[in-house]
Each structure stands twice: as structure tokens, then as C-alpha cells.
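Hello,

Here is the model I promised to pass on.

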There are 2 protein chains.
Amino acid sequence: MNPIKVGLLGIGTVGGGTFNVLRRNQEEIQSRAGRGIAITMVADLDTARAREVVGPGVEVVSDARAVIANPEIEIVVELIGGYGIAKALVLEAIAAGKHVVTANKALLAVHGTEIFEAAQKKGVIVAFEAAVAGGIPIIKALREGLTANRIQWIAGIINGTTNFILSEMRDKGLDFNVVLQEAQRLGYAEADPTFDIEGVDAAHKATLMSAIAFGIPVQFDKAYIEGITKLAATDIRYAEQLGYRIKLLGITKRREGEGVELRVHPTLVPAKRLIANVEGAMNAVVVNGDAVGTTLYYGKGAGSEPTASAVIADLVDVTRLATSDAAHRVPHLAFQPGSLRDVSVLPMDRIITSYYLRLRVKDEAGVLSQVTRILADSNISINAVLQREADEVAGTDAGAGEVTPDQTDLIILTHDTTEGTMNKALVLMEALPAVLGGVVRIRKEELA
Amino acid sequence: MNPIKVGLLGIGTVGGGTFNVLRRNQEEIQSRAGRGIAITMVADLDTARAREVVGPGVEVVSDARAVIANPEIEIVVELIGGYGIAKALVLEAIAAGKHVVTANKALLAVHGTEIFEAAQKKGVIVAFEAAVAGGIPIIKALREGLTANRIQWIAGIINGTTNFILSEMRDKGLDFNVVLQEAQRLGYAEADPTFDIEGVDAAHKATLMSAIAFGIPVQFDKAYIEGITKLAATDIRYAEQLGYRIKLLGITKRREGEGVELRVHPTLVPAKRLIANVEGAMNAVVVNGDAVGTTLYYGKGAGSEPTASAVIADLVDVTRLATSDAAHRVPHLAFQPGSLRDVSVLPMDRIITSYYLRLRVKDEAGVLSQVTRILADSNISINAVLQREADEVAGTDAGAGEVTPDQTDLIILTHDTTEGTMNKALVLMEALPAVLGGVVRIRKEELA
């Protein structure tokens with residue numbers, strides 16, 4: 001089957017990322033979707049830059065309507081942004097019978113009702129995973145993953161710029177204006193940061209989540225919006241002393257029999273909650289449902305490839321719908337059955353990880369040097385050593401055997417090595433006269 | 001349209017939860033799915049208990065095959081567990097042309113290849129969101145949300161029993177055996193906890209995630225499995241001193257050109273990672289993709305209604321597929337267009353939240369009493385008060401104006417009230433002669 005043909009409107013940061021990821025992972029994406037997905041036409045006012053990004057073989061035009069008019073294009077990806085021309089183009093694409101994928105939260109939060117109705121009538125899909133929380137599949141979680149639940153409330157860090165600023169204000173005790181300038185210098189805040197710092201962007205996203213959670217039309221005009229520009233470093237510090245952190249949250253709550261709350265404002269959150277520990281430009285959304293309880297979704301909320309991840313997930317969804325019969329839409333194991341690969345699970349001695357080692361040793365000179373020599377000879381580098389003084393350890397040791405006064409514990413963290421290499425080194429260590437009993441070995445992962 | 005008819009095999013903890021949530025939220029679920037979903041037949045060896053759960057109007061039988069043989073049943077939910085009779089019944093249901101929803105990780109991790117092939121041939125769906133991480137929609141995230149990505153690795157806390165035990169060992173400095181007994185007493189561990197504490201349950205789930213992430217067949221027999229039974233409290237303490245926590249992780253990693261790693265074992269994780277702060281019986285899965293970067297999914301990994309949440313999400317998925325044409329399968333705003341409800345967004349003075357208040361006050365007797373009197377008269381209860389000594393505050397205050405020696409800051413945390421009530425109280429406070437300037441008010445959410 002020929003690839004499904006996609007036209008891109010706007011090839012800036014997210015458009016470029018979408019093009020690159022789709023090309024880089026095309027084989028893997030095709031075997032998930034059951035059909036190739038190809039961007040064959042791109043519209044951008046800056047055609048020279050667009051040609052540079054896409055290279056030969058992709059038609060570049062300056063007129064977005066030429067993409068919509070092309071009968072071969074089945075899906076239009078709108079990445080222009082804003083309420084103006086983007087609205088006209090999305091409605092024209094729908095009228096032309098194209099499916100639409102968009103990252104445009106402003107457009108959908110304000111004109112979603114009109115756009116979804118048009119799509120509904122025409123029998124096409126408007127997909128917008130990328131519009132909320134970038135690469136985090138939160139729209140899918142809300143719309144498909146939690147369908148059993150009466151959603152009670154949603155609270156999210158859904159603007160990376162403001163979370164970066166708040167994290168810096170807290171870490172460095174600096175005031176808003178100082179940190180904003182730093183954020184602009186580092187590229188975390190735009191030259192005109194109004195939509196971010198005044199909470200408008202977060203309110204667009206909260207509006208969309210509110211509609212999906214509660215089955216209500218988008219009502220951006222009724223959202224309460226308060227940004228972070230007036231937040232003082234003093235209050236961040238006092239909040240900390242009381243066990244709280246301050247985050248800009250988009251919040252929507254069901255108020256049984258009354259209505260819903262929809263608001264964006266700086267919010268104190270208990271420091272022990274996971275969401276209070278979401279730092280820098282990261283996003284996270286907490287969803288509370290009556291059956292599932294509290295769930296949380298965390299990841300990058302912006303940026304070229306994280307947002308592209310969501311755009312392409314929508315492209316795969318649309319392709320699966322357009323290509324497969326109902327029962328085969330989503331393959332059981334994610335990849336189409338014919339394309340399951342025969343990749344072997346590696347035997348344990350070939351896995352790579354780092355290690356925590358605890359050795360009970362005689363408290364005498366030279367032990368550390370003997371042990372580290374074995375590691376060096378095995379090409380295992382050491383990350384940290386913790387040597388307990390004998391009198392700190394003696395007699396204290398629940399679960400690790402009584403420690404006599406002439407013994408101590410030697411703890412070593414290593415860098416990555418194979419399990420096979422480590423096993424050989426452990427045999428050598430355990431053969432040392434100064435090493436008493438077996439070495440405790442626990443694997444370590446940085447998960448960065 | 002008549003409701004889609006579902007037959008339940010086994011009505012224990014998860015089955016009972018599924019029945020109850022489906023009934024409680026039937027209206028909401030129907031307007032998401034586009035069609036009612038009704039459990040009309042239940043098979044359980046204990047028919048008396050089953051009848052008690054489902055009440056009149058639902059047929060209860062002791063023979064699961066009677067459910068499979070019923071031509072009216074379109075979806076069979078298998079909640080028996082294990083590899084034995086469950087395998088035969090799932091294959092028979094598939095052969096009878098039924099879609100199958102199951103929470104049985106053991107069955108799929110071991111016999112998934114055979115079962116998925118049978119379903120593929122017959123054109124039916126085998127859905128298993130509930131098999132991994134309970135209510136967290138992680139299968140959907142991996143299979144549909146992250147389709148753009150080459151998944152690099154997955155690391156998950158996917159067994160609540162062991163995470164509860166490890167959390168208790170760390171918090172209380174107790175040894176494994178002591179905590180296990182406590183966990184059994186509290187119902188967090190089963191009478192025979194072998195599958196949990198030896199890592200087998202986590203390995204079943206890691207096997208399924210590995211297959212979905214990398215497009216490979218299920219290979220449970222090749223997984224490395226090490227439980228937590230030999231973990232000493234000592235090592236948890238040493239790890240802590242080095243900046244790490246110990247978690248039982250299910251890990252699977254792509255090793256380009258070599259194969260994949262698939263392993264379950266106690267693992268040191270940097271204490272600052274979100275997953276290191278997942279406590280008690282909660283689950284969390286970290287997924288790293290080449291485009292999206294690191295994402296995390298958190299929630300309850302077990303229990304009656306959280307698991308039911310995943311079972312019902314699968315029922316809705318199957319119902320949407322069986323009921324809707326492709327373009328309308330997942331409604332744009334999650335609920336079918338005809339059923340959007342006209343619920344109003346509440347005006348800001350009707351929202352309910354708690355507050356952080358900071359008052360710059362004259363450092364003189366009676367101020368606190370005047371302020372708290374206003375709150376009491378407004379029926380706003382106080383959660384905490386932080387009164388700074390004048391000399392602690394004087395001159396220090398970046399961003400909140402210079403503090404003179406005869407002034408101080410009074411910080412108050414309140415319990416829930418309406419914004420309207422708070423606004424009125426603020427007017428009264430700001431009218432007090434001892435209160436200097438405006439009161440800083442930041443909203444607070446417990447998000448529990």
C-alpha cells in the first residue's frame with residue numbers, strides 16, 4: 001500500500017521536528033501504523049528555509065491553500081498557530097474532506113466548538129494531542145485511558161516557561177524579573193513572553209482538558225487567569241517553610257450539581273506531592289477519577305521533537321483508522337503482526353548497568369587498595385566510595401550480621417559495566433583474605 | 001441502540017469493581033462510548049457470592065463455558081487469572097468470535113504469542129490494559145501515545161506489594177521479614193506472597209511492556225528475575241547516604257544491534273528522580289523515547305476500582321470500534337457530540353480552595369487576634385500561622401518591599417472557603433490600621 005500523504009502548514013520548530021522524526025523513524029512508525037506516512041508537501045512563507053529542512057523530493061509552496069487543494073493529501077498538519085489564518089485554513093481543510101492534525105491550543109480553546117462541529121459533519125478527524133502538554137499523551141489518557149471514570153479534577157503544570165521561572169526563583173531566591181531575563185537569554189521564554197507568564201497559554205490547555213474531562217463545550221472566555229508576574233520570592237520562601245511549593249497550575253474541578261471550576265493561578269502544593277517536584281521546563285498533569293484515584297503524567301511539554309512525538313502519534317492514529325478494519329486498528333503488541341521482529345533477550349551476563357557493592361572487610365590497611373585494584377584490572381570505574389569507620393558500624397547492623405570491632409563496611413558505587421565482567425570481579429574480591437563473606441551487589445540505574 | 005452485552009468470568013475483587021463502576025458511571029460511560037455497556041452474565045464458582053454482588057437482572061452461572069456459548073455476549077472479560085483454565089477459556093472465547101478483555105498478565109506474558117495469533121486470525125480484539133500497572137493507562141501510552149518514537153528503555157515500579165515493603169523498610173529502618181508480616185496484616189501482601197516478592201509478577205508485566213515497546217514476541221522465559229527477599233535494611237540506609245533509593249524495577253532496554261535487556265531486580269535510583277519518590281503501594285512507569293525524551297506515568301497499580309478502570313477503558317475501546325465508523329470512533333471531546341452537557345463554568349467568587357495569606361503588619365500586640373477574628377467571623381478556618389519575629393524579617397525582604405524594624409510578616413494558611421468569602425475577609429483585613437498595604441493572597445491545593 002502507498003504511504004498516506006500528509007501536507008504540512010508551517011515548518012518552524014515543531015514542523016521541522018515532525019519532518020525529521022517521521023523520516024528518522026519511518027520504518028518503525030510504518031510497522032506500527034500498518035502503512036507508511038509521508039510528508040509530501042509543505043507550505044511556509046519562508047520557502048527557502050523550508051526547502052533546506054525537507055531537502056529534495058518534497059514539494060514546497062508558499063500558499064497553504066495549494067496544500068489543501070491537492071487531492072492526494074489526506075491529512076493536513078496545521079502548525080501555524082494563532083486564531084487568524086490558522087482558523088480559516090483548518091476549516092477549509094475540513095471542508096475539503098481532509099483529516100486535520102494540529103498543535104494549536106489557542107485556536108481550539110477559543111473556536112473548538114465550531115471546528116469540531118464542522119469536522120463531525122464532514123466525517124473527518126481533528127486530532128490535537130500536541131496542543132496540551134507537548135509529548136505527554138494526556139489527551140489520549142483522558143479521552144481513552146480513563147473512560148471508566150467520573151473525572152473529579154485535573155491540575156497541571158502545563159506551561160514550561162513559567163515552571164522554569166518558578167523553579168529558578170525558588171532555587172536561587174531571585175525575583176521574577178531577574179529570572180525572566182535569564183529565561184529569555186536561555187531560550188526558555190520568548191521575546192514577548194506575555195501568553196506564558198500571564199497564564200493565557202496554560203488557560204488554553206486547561207480549557208481543552210476541562211471540555212474532555214467533563215463533556216462540556218470549550219469555554220476559554222469563562223476561565224479565570226492569573227499569571228506569575230506578581231509573585232514575590234518572599235512568598236516562595238515562606239511557602240517552603242510551611243511545607244509547600246508554588247506552581248502555576250491549570251485547574252479544573254467538577255462541582256456536583258453546580259458547574260465546573262476552570263482557573264489558572266499560582267498555587268501552593270504540598271512539597272511531598274510528585275507534582276511539586278516537577279522542576280525546570282517539565283510538564284505534569286494530575287488527574288483524579290472516581291475509580292482510578294489519582295494518576296499523574298509527566299514529560300516535556302514543549303520543544304521540537306517532544307511536540308513532534310504528539311503530532312506523529314496523531315498521524316499514526318488517523319492512519320490506523322483510515323487503513324485498518326476495526327479489529328486490527330491497534331495491533332495487540334503495538335506493531336502490525338507481520339512486522340514483529342525476532343530480537344533476542346540478552347543473557348544476564350551481557351546486560352549493562354552500574355552497581356552498588358557492599359563488602360564486609362577486616363578493618364586494616366590496604367583493603368581498599370586491593371579491592372579497587374581488582375575493579376581497575378576489570379576496567380570497571382568507580383563512581384563513589386563510602387568507607388565506614390569501624391566504630392560507626394560496630395554492633396549497629398540490622399539485617400547484615402553483627403559487626404565486630406575489627407570489621408567495617410566498604411561501599412562502592414561503580415560506573416556502567418557488563419554483569420559478566422562484574423561477576424568475575426566479585427569472585428576475585430571474595431577470594432581476598434580481608435573480605436569477609438559474600439559481597440552484596442545491587443544494580444543501579446540513573447534513569448536520566 | 002441496545003447496550004453491548006458483556007460476560008464476566010470471575011467476580012472477585014476486580015470483577016466486583018468492574019461491575020460496580022460500570023453501573024455507577026453507566027450514563028457517563030455510555031455517552032463516551034456511544035453505546036451502553038452492560039454485564040448481563042457472570043460466571044463464578046461461588047454463585048451465591050456472585051448473586052450478592054450483581055443483584056437481580058444479571059444471569060449468574062457456575063460454568064464459564066455457558067457465558068462463552070451465549071450468542072448474545074459480544075465481549076468476554078476474563079478475570080480468573082493464572083495459566084490454567086483461563087488459557088483454555090480465552091482461546092475458546094476467541095474461537096467463538098468474542099472480543100476478550102483480560103487483566104491476566106501471567107497468561108499473556110507466557111502464552112501471549114499463541115493468544116494474539118488466534119485473535120488476529122479470528123478478527124477479534126484481546127485487550128489487556130489492566131494487565132500492567134492497574135489503572136495507569138500505560139499500555140495505551142506505549143501502543144498509541146508514543147508511536148512516533150524509537151523507545152530506548154522502560155523502567156517501572158510495577159508491583160505495589162514490593163514497593164510498599166521497600167517504602168516501609170526505608171521509613172522505619174526495619175528488615176524485610178518484619179515488614180512483610182505487617183504488609184500481610186494490612187492486606188498489601190497476600191498470604192502466599194511469592195509471585196510478588198520474588199519479582200515474578202513484575203517480570204510478567206515487564207515482558208508485556210518489552211514486547212510492545214520493541215515489536216518483539218513475549219519472552220517471559222528469558223527474563224532475569226530477582227526479588228527483594230534478600231535485601232538488607234543496611235543497604236537501603238547506605239544507598240540513602242549516597243543519594244539513592246532502592247526500588248524493585250522492571251527494566252527493558254534496547255541495545256542497538258544486539259538485542260534487548262529484560263530484567264527485574266532491586267535497583268538503586270537517584271533520590272531526586274520522580275520515580276524514586278513513588279511511595280507505598282503506588283506504581284509508576286518511566287518511558288524514554290528518542291523523540292519525546294523521558295515521560296512518566298503514575299497511579300494505583302492494583303485494587304478493585306483502579307484495575308476496573310482499566311478493564312472498562314478496554315470495554316469502551318472495543319465498543320467504540322464495534323459501534324462507530326472510523327472517523328467517529330473517539331469523539332473529539334471524549335463524549336459523543338449529541339451528549340455534550342451544558343455545564344457552566346463557575347464564576348471565580350464561587351470557586352472553593354484554601355489560601356496562603358501574607359500580611360505586612362505593625363509589630364504590636366493584638367494584631368494576630370484582630371486578623372484571626374475576621375477569619376473566624378467569615379467562617380474561614382485556619383490551618384497554620386507563621387509569625388516572623390521582626391528582627392528575622394527586617395531588611396531581608398527581596399521582592400516584598402523593605403521591612404522596617406517595627407514591622408513584621410504574618411503568614412496564614414487557611415482551610416477551604418469560597419473565593420467570594422475570602423475577598424470579603426481581605427477587604428476587612430486591609431482596613432485594619434495595623435495591616436500595612438495589601439494582603440498577598442495565593443491559592444493552595446492539597447491535590448490529595
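Which residue of β12(B) stands opposite A:L296? B:Y298 does.

Before the rest, some housekeeping. This is a predicted model, in which local features need pLDDT of at least 70 and side-chain atom pairs count only at pLDDT 80 or more, while totals for chains, interfaces and linings use all residues. Residues are numbered from 1 along each chain as its sequence is written, chains are lettered from A and ligands numbered from 1 in the order in which they are written, and side-chain values use heavy atoms, with hydrogens and water left out.

**Strands**

Strands here are DSSP runs (E, at least two residues), numbered from the N terminus, and two of them pair if DSSP finds at least two bridges between them. The pair in my opening question is β12(A) and strand β12 (residues 293-300) of chain B, which run antiparallel and are joined by three bridges. Within chain A, β12(A) is also joined to strand β11 (residues 282-289) by eight bridges, again antiparallel. A hairpin of three residues links β11(A) to β12(A), and A:N283 has A:G299 as its bridge partner. Strand β12 (residues 293-300) of chain A is largely enclosed by the rest of the structure, because seven of its eight residues are buried (under 20% relative accessible area, 1.4 Å probe, protein chains only).

Another pairing crosses between the chains: strand β17 (residues 440-444) of chain A runs parallel to β10(B), over two bridges. There, A:R443 stands opposite B:T267.

**The interface**

Chain A puts 143 residues into the contact and chain B 142, where contact means heavy atoms within 4.5 Å. The buried area is about 12,500 Å², with carbon and sulfur atoms giving 57% of it; this is the accessible area (1.4 Å probe) that the two parts lose on being put together, summed over both. On the chain B side, B:H332, B:V345 and B:L447 lose the most area to chain A, together 7% of what that side buries.

There are 18 salt bridges between the chains, each a side-chain nitrogen of Lys or Arg within 4 Å of a carboxyl oxygen of Asp or Glu. One of them joins B:D235 to A:R358, with the closest N and O atoms 2.4 Å apart. Strand β10 (residues 259-270) of chain B supplies the largest share of the side that touches chain A, 11 residues.

Best wishes

Key. Helices (H or I, at least four residues) and strands (E, at least two) are DSSP runs, numbered from the N terminus. Buried means under 20% relative accessible area, exposed over 50%, partly exposed in between (1.4 Å probe, protein chains only).
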